[in-house]
Amino acid sequence: MLTDSRIQEHNEKLADDHAFRWGYMQEWLHRKGIDAEHILQQLQAYQVAIPSWALGTGGTRFGRYPGGGEPRSLEEKIEDVGLLHALNRASGSISLHIPWDIPQDVQAIQNLLDEHHLTIDSVNSNTFQDQKDANHSYKFGSLCHTQSEVRQQAIDHNMEVVEYGKQLGCHTLTVWLADGSNFPGQHHFRRAYQRTADSLKAIYNAMPEDWTMLVEYKPYEPHFYSMIIPDWGTSLRLAEYCGPNAQVLVDLGHHLPNTNIEQIVARLLHFGRLGGFHFNGSMYGDDDLTTGSIKPFQLFLIFCELVQAAQDSAVQNPAVAYMIDASHNTKDPLEDLLQSVQTIMTAYAKALLVNTKGLFAAQEANDVVRAEEMLKDPFLADVRPLVAEAIRRNGGALNPLGLYRQLDIRRQLIDKRGKLAVATGL
Ligand code: LRH
Ligand code: MN
Ligand code: MN
């Protein structure tokens, strides 16, 4: 379906246009005293994981409109991510959700991952749905539950998830809790928090030493009065309570409108507790829109914080895990993911072009306008040739989305898997 020679053919067709645009970009960077090769190296090394659950159309409470050809098994999900990675060479890992993605034959899954040059980025536990044959219900919470048997079931599930991860060479467990309350008085806030903290610590203590636990927060939904981990402060305290290998995970869609997410990112970096991202876009809340579709400037500002921290020896933060966490209701999921990766790389490229020395000097001098202009200059630049060149050098397509459409990959997937194929899980 997608071969290296197809990619070469595509790149050759675009070579003239790319050479023109990339040539201009190189000259522009040179005049600014920026080492283009150094920027390219960083872009070429950048990878963002794809969640298994974003490969099909999600739904809203009002309906689901599958587009056909969706992956019907873990194997087909890996094939889809392999396809994305072949196109952009920047999606080299996949996040699994258990029990949606239980590997039946671990060796076969590992072989398939190797074949597509993929790794397992993280494993995610699911205590937000009751599982078949489970002894206890999570209707009133999982790790926060008033009854110890329910908490234990949720702890055991997380340990089982870690076991699957271990078999596939993964080192990260992501915990997102749907626990919360819908009405005043339902929860004893302090006790519910303490139970959650102790349950998380039990999971943390049972994890291998070289594993990281990522604790995700969300201010609302599925509970609308209180969520057990509503904000980064709670995540941070829980991570600290567990130990040094527990970190905060920032999902861009999990903030109230107008939250200054870049400042949260800077705070977490300052404390050395920024563990990872779930990229998406949001208009009102957890909309899970395409990354950067609503607030590209904010995405850029977030990357500015990451780039500045990476250049600052005072920042003691572990490697950050990058993942997309989006749902797709109207777009072809694979097209949406290609757009997202492209946008993320574009934001990163722009952040790499910021004259940080100049910015810091303007900040020290309290020159507000100059400081702001220092950010606007790279933000307004068209860095697409830079991103395309990084992908090309890695062996990918100059225009991943264009090639996906040109090859009519969705049609091929529908032919192979069927018009009614709906992604497993969710
Ligand atoms: C719910 C959610 C959350 C998790 C994912 C599995 O909001 O999107 O962000 O990471 O489900
Ligand atoms: Mn998320
Ligand atoms: Mn979410």
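In which hand of crossing, left-handed or right-handed, does α11 pass α12? The crossing is left-handed, meaning that the near helix is turned anticlockwise from the far one by less than a right angle, with clockwise giving right-handed. The structure is a predicted model, in which local features need pLDDT of at least 70, side-chain atom pairs count only at pLDDT 80 or more, and totals for chains, interfaces and linings use all residues. Residues are numbered from 1 along each chain as its sequence is written, while chains are lettered from A and ligands numbered from 1 in the order in which they are written.

On to the overall picture. The protein chain has 15 helices and 10 strands; these are DSSP runs numbered from the N terminus, H or I of at least four residues for helices and E of at least two for strands. A compact globule of 426 residues would have a radius of gyration near 22 Å, and the chain's 22 Å agrees with that. The radius is taken over C-alpha atoms, and the globule rule is 2.2 Å times the number of residues to the power 0.38. Along the principal axes, the C-alpha atoms fill a box of roughly 65 × 60 × 40 Å.

Back to the helix pairs. Two packed helices are described by the angle between their axes and the distance between the axes. Helix α11 (residues 356-364) packs on helix α12 (residues 368-380) at about 160°, with the axes 8 Å apart. Here axes are lines fitted to C-alpha atoms over the stretch in contact, and angles run from 0 to 180 degrees between N-to-C directions. That makes α11 roughly antiparallel to α12; the cut-offs are under 35 degrees for roughly parallel, over 145 for roughly antiparallel, 65 to 115 for roughly perpendicular, and oblique for the rest. Gly358, Leu359, Ala362 and Gln363 of α11 meet Arg370, Ala371 and Met374 of α12, a contact being C-beta atoms, placed from the backbone, within 7 Å. By class, this contact has 4 nonpolar, 2 polar and 1 charged residues. Ala, Val, Leu, Ile, Met, Phe, Trp, Tyr, Cys and Pro count as nonpolar, Asp, Glu, Lys and Arg as charged, and the others, Gly among them, as polar.

Helix α8 (residues 261-270) and helix α9 (residues 296-310) pack at about 15° with axes 8 Å apart, and are therefore roughly parallel. Their contact is made by Ile261, Glu262, Val265, Ala266 and Leu269 of α8 with Gln298, Leu301, Ile302, Glu305, Leu306 and Ala309 of α9. It splits into 8 nonpolar, 1 polar and 2 charged residues.

For helix α10 (residues 333-352) and helix α13 (residues 384-393), the axes come within 9 Å and cross at roughly 115°, so the two are roughly perpendicular. The crossing of α10 past α13 is right-handed.

Then there is ligand 1. Around it sit Asn124, Trp176, Glu216, Lys218, Asp251, His278, Asp286 and Asp325, each with its C-beta atom, placed from the backbone, within 6 Å of the ligand. That shell divides into 1 nonpolar, 2 polar and 5 charged residues.

Most residues other than glycine have a negative phi, and most peptide bonds are trans. Another cis bond runs from glutamate 221 to proline 222, with omega near 10°. Asparagine 258, though not a glycine, has a positive phi of about 70°; its place is the loop between β8 (246-251) and α8.

Conventions: Contact = placed C-beta atoms within 7 Å.
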